[in-house]
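Subject: Structure for you to look at

Dear colleague,

I am passing on the structure we spoke about, with its sequence, and would be glad if you could read it alongside the notes below.

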Amino acid sequence: FMIAITVIAHIMIVIQRRPEEPDERDRVVELRGSRNAYGALATTVLCALGLTVTNTSHDLLFVSMMGAFALSELVRLGSQLFYYRFGA
């Protein structure tokens, strides 16, 4: 019974609430976060590709590339949090 009430309440909230339009600050924060993530991704991918010179195993290359993508996503989200907190 509680689950049904919760589902109905969430549906009503979604129907009544309109999504907010992103303003200029939101766009600037998103662009700066993406810029920082691109720099981190480019740097870590170049370092990961540098491992190919040392005849590293394919497993380690795969893990380093996935780590590069994960790190860049963390940099993007962290940058956005920083810019929202301390101003853009």
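What follows is a short account of what was found, going from the whole chain to single residues.

Please bear in mind that this is a predicted model, in which local features need pLDDT of at least 70 and side-chain atom pairs count only at pLDDT 80 or more, whereas totals for chains, interfaces and linings use all residues. Residues are numbered from 1 along each chain as its sequence is written, and side-chain values use heavy atoms, with hydrogens and water left out.

The protein chain has three helices and zero strands, helices being DSSP runs of H or I with at least four residues and strands runs of E with at least two, numbered from the N terminus. Its C-alpha trace spans about 60 × 40 × 15 Å along the principal axes.

Among the contacts with a separation of 6 or more, 77% are between residues 24 or more positions apart, contact meaning heavy atoms within 4.5 Å.

Helix H1 (residues 2-16) has 15 residues and reaches 21 Å from its first C-alpha to its last, close to the 21 Å expected at 1.5 Å a residue, the expected span being 1.5 Å times one less than the number of residues. The number of buried residues in H1 is zero, so this helix lies largely in the open.

Arg32 belongs to helix H2 (residues 24-50) and counts as partly exposed, at 30% relative accessibility. Although Arg32 and Arg76 are 44 residues apart along the chain, their C-alpha atoms are separated by 8.3 Å.

Leu61, for its part, sits in helix H3 (residues 58-86) and is buried, with a relative accessible area of 16%. Leaving aside neighbours within four places in sequence, Leu61 is in contact with Ala48, Leu51, Thr52 and Thr56. Of these residues, Ala48 is 13 residues from Leu61 in sequence and 6.6 Å from it in space, C-alpha to C-alpha.

With best wishes

How values were computed. Buried means under 20% relative accessible area, exposed over 50%, partly exposed in between (1.4 Å probe, protein chains only).
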